[in-house]
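Subject: Structure for you, with notes

Hello,

Here is the structure I said I would pass on. My notes on the interface and the cavities follow it.

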Protein chains: 2
Amino acid sequence: MSEFTNVTVTREANVYFDGNVTSRKVTFADGSYKTLGIMMPGEFTFGTEKAELMEILAGKLSYRLKGDAEWIDVTAGESFNVPANSSFDIQILELVDYCCTYLD
Amino acid sequence: MSEFTNVTVTREANVYFDGNVTSRKVTFADGSYKTLGIMMPGEFTFGTEKAELMEILAGKLSYRLKGDAEWIDVTAGESFNVPANSSFDIQILELVDYCCTYLD
């Protein structure tokens, strides 16, 4: 287990895809923020504005960046990056607990 | 939307009932803590150690305290209390976003 200290948490969840993806926003003293979220098994497509670092805390997924043909497997303890102003497809194979960092 | 400021968030989620109930722990400067969670539609039974205040931020549920015959409906903006060392049944009618405060 690890912790984020001296942060602000937005109480209300972000809810996507009928609740199959949910997350909560954690804001740091420097104004940067991350979301901590859960993805239930299924297939989803997300758009990005900022670039994102997706850290997988638990579970198993496969993702495909916009324009790529290949699906890439990711499991607990691994991470992947998504470019800004893009999108990615994701298949959740086992319930995923994740931390998403939004990069400037 | 509301926020909890100057808190510590445990990064990893608590996962119950195959991920149909998930929560994250928020610890305050005085050592007290709450969990922010999501419950998907379904019926669940929870045990308590500490007494709990369950605030419903979004969604709709019905609950029944241990030993009670009656189900009580609760909707967004409402809350209910559960005694320590007890249990309650809960039917999630629409995806619930909740804040649980553990009381001493």
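Between chain B and chain A there are 4 salt bridges, a salt bridge being a side-chain nitrogen of Lys or Arg within 4 Å of a carboxyl oxygen of Asp or Glu. One of them joins B:R24 to A:D97, with the closest N and O atoms 2.6 Å apart.

This is a predicted model, in which local features need pLDDT of at least 70 and side-chain atom pairs count only at pLDDT 80 or more, while totals for chains, interfaces and linings use all residues. Residues are numbered from 1 along each chain as its sequence is written, chains are lettered from A in the order in which they are written, and side-chain values use heavy atoms, with hydrogens and water left out.

The interface

In contact (heavy atoms within 4.5 Å) are 28 residues of chain B and 28 residues of chain A. The buried area, meaning the accessible area (1.4 Å probe) that two parts lose on being put together, summed over both, is about 2700 Å², and carbon and sulfur atoms give 59% of this. B:V9, B:R11 and B:R24 supply 24% of what chain B buries against chain A, more than any other three residues.

The cavities

A cavity here is a set of points on a 1 Å grid over the protein atoms alone where a 1.4 Å probe fits but cannot get out; lining residues have an atom within 4 Å of a point. Points are joined across faces, edges and corners, and a volume is the space filled by probe spheres set on them. There are 3 cavities of 30 Å³ or more. The largest cavity has a volume of about 80 Å³. It is lined by 13 residues, and A:T22, A:R24, B:T22, B:R24 and B:I38 are the closest to its centre.

Regards

Key: 1 Å grid on protein atoms, 1.4 Å probe; cavity = no way out; pocket = protein on both sides within 12 Å on 5 of 7 lines; lining within 4 Å.
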